[in-house]
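This report concerns the sheet, the helices and the nonpolar cores of one protein model. The sequence and the structure are shown first.

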Amino acid sequence: MSREIHQRITSERDRMEKHYLVGRDNEVLFYQEQILGDTFTVRILNLYGTGGVGKSYLLNEFRRLSEQADIKFLILDSHVFPRNPSEFCLYLLHMLHYPVQSIEPAADISLLNDECLNALQEAVGQKKMVLALDTFEVIGEMESWLRDVFLPNLKSNILIIISGRHPLQGLWLSSPVWRQFIYRMPLAGFDYLSVKRFLELSNIEQEERIRHVYALSKGHPLTLALLVANPSALPLQNIPFEDSSETFRYVVNSWLTEVHSPDMRVLVETAAVVRHFNQELLSYVMEKEVTTEQFQQLLKLSFVQRVDRGWVLHDLLRDAITYELRLRMPEYYNRLWKRCVLYYYDKIKQTAHTKIMSWENAEWFYYIGNQLIQAVFYQQSVCYSSEPLNPSNRAEAERYIVNRHLNAKDVRIKLTNPDTKEEHDYLITSEDSLYGLKHIHLKELYELDPNSVKLTRDSQGTVCGLSVIIPINVHTLDYLRSKPLSSVYFNSLPESKLKELRVPKHSSAGYFFKTLDIYDLSDIPMLQSTGLTFITHMLACGYVVAAPPPIPFTYAILKSLGCEMTKDVVHFDYDEKIPSPLFVIDTRGNKLEHYLNRMVASFGILEERKGRDEKNASLTLKENAVIELVIKGYSNLEIAKCLFLSESTVKKHVSNIYRKLDVNKRAQLINKYPMKSNDQ
C-alpha cells in the first residue's frame, strides 16, 4: 500500500472516530487544558476502565488533539512492544527514528536507558511531548523498571499516559513522589443521553428503539458499537438476551480473559447471581468459605466495581453470565438463587424496622420478584438523585408540572420474560399518565411537611420526576382524613387504628404515597428508580398506603410486591366514573413474618429449612453447645476448656455434628448458621 493511500485511510478513520466520539466531554476538556497550557500540571495521566469501555478510542482522540497543537504523541501498545527494558528502549528509539543499527547488540541497559532518554529530550526540545503506554495490564515485570528507573528521569515537558484496565496502585501510590503527580481518569459506560447521541449519529432516531438498545447494551461502548455494526442484532422491540448472543459472547469473552483459574470462574459466576456481594454473602451462598485471598483476587478484576453496599459485576457481564449459567446448570443456578432468597429473608427478619433495612428490602425483592418486577426494576444500574422541595427549586417543580401537562403522550410499555418469552404489553394514555398530578398542590404540601415532596434529577441535573410521600403522624392525619385520594381510606379506620397512627410529629407510623410521577413513563431506568423508592419504604417503615391512578400497569406492580388492594374502600378522586381502590401493606409486629412467608412460598425454601431443622433436633445439648463455640471461632482445645471436656471428646462431638448435618468442615457448618455467626 502506498504512503499516500495509507494516509488517506488514516485520515478517513480519524474523521469517523471523531464523528462518533460521545460521552467523553470532561476527559477531552481536561486533556486540552494540559496540552494548551504553559506546562503540564500532572506527570502521569492514568486512564483506566474495564474491557471495551473505550480507552484506546479516547487515546486516539488525545493523539489527534496533540497533533493539532503540534505536540508529538507516541503511543506504545504493551501487547506489541517487547517486555524487557533493553528491547523496550530499542523499540522506542526506533519510533524516534534513531539509528538503532549503530548501537552495539550487547549494550548495557544503563547505556541504552541514557541513550533513550537523550533521544526523547532531543526530539521534544523546548516543546511538549506525550508518551502513552496502552494495555498496561499486560506490562508484567517491566512495570517496576518503568516506575523506578525510566519514567522518573523523563523531563517535565513529557506527559506520560498509562492506560489499562486497572488503576495504578501499590508502590505507585505508596510513593509520596509518584502519588502527587498521578491524575486518575476512570472511564465508565455511557449514560442514556450519550447512547442516544451515538445512535442518532448512526441514523437510529426512534425513541423507543434507542431506549431498547440502551437497556440491551447497558451503555457499554464496545457492545453499542457492535450492535450498530450488526443491524440484524439491533432490537425493534425489547428482545430477549439470546437474540444478540454472538455480540455479547464476544464482549464477555474479552472480559473473561482476566479469569485464569476454574475456581475464580466459579466465584465470578456466583457473584453474578448474587448481584451486590461481599465476602460473607459469597461464602453463605456457595456454602463454603471464600478466603480473603480469593476475595481480593476477585476484586482485582476490571469488571468488578465498588458500590455503597459492597461490590457488583458490570451489568452487561452479570446478565450474560447468569443467562449462560441458567442454561448450562439450571439446578445449580436455582440453588444459588434460593440461598440468596434465604440470606435476605433472615436479614430482614433480623433487622426488622431498622433504618439499615431498606437496602436489604431492595435486594430481597430482586430475588423474589416475578417477571414484571424483574423487568421493570432491575434491568440496569440507575443514576438518579432526589432532593426535597425547597424555595430554591420550587420554580423548577412548578415548571415540571406545567411541562408534564403540555407534553403528555400515550405510552406503550412492552416487557418480555427472557425465560418463557411471554410478552406483556401495557398502554398508558396521555390522560391516564396525568392522574398522578391531579391533586398535587406544592405550597400546601410544603407547609404540611417540607420533606414530603421530592424532585428527581437525572445525571444531567434535569428534573425528571416528582414524588409525594407523606409521613403518617399526629400532624398529618387531619390532612390525610380531609383531602382527596387519602380521606376515604383513613376515615374508614376505627378509632383504635387511628390512635396507633397518632405518633409524634417528628416520627412516623408509616407513609402515604400520594404520587410517584415521572416525566416519561417509557423511560425504564426512571421507572426503576421510582419503583425502588417504593420498595425501600415498604418493609422498613412497616405500614404503607398508596393511592395509585387506575392504570393496570401500576396495579400489577403493586400486587406483585404483595400489596393488598382494599376491597370495600374505593374513591372517585381521579375520575368520577372510575372507582379506584387503595393498596396497603402492613408488616408491623408479627405481621412481617407472615408477609415474608407468603412471598417466598413458591420457592419451597421454608420446607427445606424445616427439614434441616429436623436434623438439628437430633443434636444433643452438648453438641449444640459445641456448635455455638465453633461459630464463635473457637478451636477444639478452646472448646474443651470452655465445656470442661477433653479435646478428644470435643473431636468426637464435632465428628457427630458433621455426620448429622451432612457437612465436612467448619466453614460449611458456620454457613448453616449465618445469623448466629453475625450476632457474635
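The model is a predicted one. Seven strands form an open sheet with mixed pairing, in the order β8-β11-β12-β13-β14-β16-β15. Strands β8 (385–388) and β15 (564–571) stand at its edges; each has a single partner strand, so one side of each lacks a neighbour in the sheet. On average, neighbouring strands are turned by 30° against each other, direction ignored. β8 and β11 (residues 453–457) run antiparallel and are joined by four bridges, and Pro388 stands opposite Lys454 in β11.

| Helix | Strands touched | Angle |
|---|---|---|
| α26 (residues 524–541) | β11, β12, β13, β14 (543–546), β16 (580–586) | about 170° with β13 |

The largest nonpolar core has 83 residues, of which Phe277, Leu298, Phe303, Trp364, Phe365 and Leu539 touch the most other members. Helix α17 (residues 330–350) gives the most to this core, namely ten residues. Apart from neighbours within four places in sequence, Leu298 is in contact with Met264, Leu267, Val268, Phe277, Leu282 and Val304. A second, separate core of 36 residues includes Ile401, Ile440, Val453 and Ala547.

In helix α28 (residues 591–600), the residues Leu592, Tyr595, Leu596, Met599 and Val600 are buried. These residues lie on the same side of α28, because they cover an arc of only 120° around the axis. An α-helix has 3.6 residues a turn, so residues three or four places apart point the same way.

Key: Residues are numbered from 1 along each chain as its sequence is written. This is a predicted model: local features need pLDDT of at least 70, side-chain atom pairs count only at pLDDT 80 or more; totals for chains, interfaces and linings use all residues. Side-chain values use heavy atoms; hydrogens and water are left out. Buried means under 20% relative accessible area, exposed over 50%, partly exposed in between (1.4 Å probe, protein chains only). Helices (H or I, at least four residues) and strands (E, at least two) are DSSP runs, numbered from the N terminus. The arc is that of the directions from the helix axis to the C-beta atoms. A nonpolar core is a set of buried Ala, Val, Leu, Ile, Met, Phe, Trp, Tyr and Cys residues joined through side-chain atoms within 4.5 Å. Contact means heavy atoms within 4.5 Å. Two strands pair if DSSP finds at least two bridges between them. Axes are lines fitted to C-alpha atoms, for helices over the stretch in contact, and angles run from 0 to 180 degrees between N-to-C directions.
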